[in-house]
Amino acid sequence: MSVRGAAATATVKCLVWDLDNTLWNGTLLEGDDVVLAQGIHEVITRLDARGILQSVCSRNDHAVAWARLEALGVADYFVLPQIGWGRKSDAVRRIAEGLNFAPRAVAFIDDQPTERAEVAHSLPDVRCYRAEDAALLPGLPEFSPGTVTVDARQRRSMYQAGFRRTDEQARFTGSHEDFLRSLEMVLRIARATPEELARIEELTQRTSQMNATGVHYPDATLRALLADPGHEVLVTTLTDRFGPHGAVGVVLLEKHPRAWHLRLLATSCRVVAFGVGTILLNWLADQAARAGVHLLADFRATERNRMMEIAYRFAGFGDQPCACRGLVREGSAHGSSGEGGSEAGAEEANSVAAEDVQLLHLAPERRQAPTTLRLIAPDLTSGGPG
């Protein structure tokens, strides 16, 4: 195995397979009756179950090789296959770019030392492995993510649906709103379950452009909020006719008798074009108007979340004085502002983050339901301190 530096233990997000004498035994174009190498099917399925994407990079005739992968029952496991006659480093680069992954998140496995060397030379951050070590990959730390979320287990299907969605949009000739309606999207907002907290934590940690505070909420903090009847921990999922987008948003809401405090709104950057952040804000405003309460929202400007600030302002949130501000402590973000913040020292991180947190205000009025998708959501006006 050839891996370099500290990047060797960073989690691999995509493994790119060579075919001849790597994925399968034999050389296809020489007429061999190729079959999967021993243990390879188990490696493919185990990595897939962990949310690690897989692709193919091979010098072969595409139609012939793909037909063989289908006959072997493994074609569906591979995204963005690159089967042709160019340099393998170029093929690996196209896969990384198509997935929007940095090269350090990609690994390559091949039986030929010269091919591994060519990829390593052109893409030094890509980790390269020998074909004879394929069966060992699931036991390596870089192929063993610490947590496998619900979304991770369906990551491949989400990416495949995304590629089909993008192709459809490229062919669509109507307006953007007409295209969104054609997707037959269903946005579900639901109270989070303990099983979903790992994905919620991941969203608070990884989402930067559409995160209202940039504060990371660790698992222990989320579990405490989930158990507190004065808080709502809401998770948002999105599906359409092409397949699931998975969990795409999180709302942390503290309910007081005269005002609700939106402590965090974070949405995945993958659904910005669908307007999910704006839809969530409008739904919250409508719920608050029905409950007869004002909305207060934490916002902490970062280098990357200007889009979220625009969404808040466009939804009507501002700096207006109001007696309801006294219901919550200015800058009351709870979590960790550090990268991958830990529970240890989280209180100290809170005090740093709190200095920059603005408390935005909205006296809400009823809002119209979204017109580009179907919204399924709970009624927040019943129960709880609100």
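Select strands β8 (residues 185-191) and β9 (residues 231-240): six bridges join them, and they run antiparallel. Strands here are DSSP runs of E with at least two residues, helices are runs of H or I with at least four, and both are numbered from the N terminus. The model is predicted: local features need pLDDT of at least 70, side-chain atom pairs count only at pLDDT 80 or more, and totals for chains, interfaces and linings use all residues. Residues are numbered from 1 along each chain as its sequence is written, and side-chain values use heavy atoms, without hydrogens and water.

Within this pair, pick L187, which stands opposite L238 in β9.

Next, show helix α9 (residues 219-227), which packs on the sheet and touches β9, β10 and β11; contact means heavy atoms within 4.5 Å. The direction of α9 makes about 105° with that of β9. Angles run from 0 to 180 degrees between N-to-C directions, with axes fitted to C-alpha atoms, for helices over the stretch in contact.

Now widen the selection to the open sheet of seven strands, in the order β13-β12-β11-β10-β9-β8-β14, with mixed pairing. Two strands pair if DSSP finds at least two bridges between them. At the edges are β13 (358-362) and β14 (373-376), each pairing on one side only.

Finally, go to D48 in helix α1 (residues 40-49). D48 counts as buried because its relative accessibility is 13%, where buried means under 20%, exposed over 50% and partly exposed in between (1.4 Å probe, protein chains only). Leaving out residues up to four places away in sequence, D48 touches Q54, Y77, A152 and R156.
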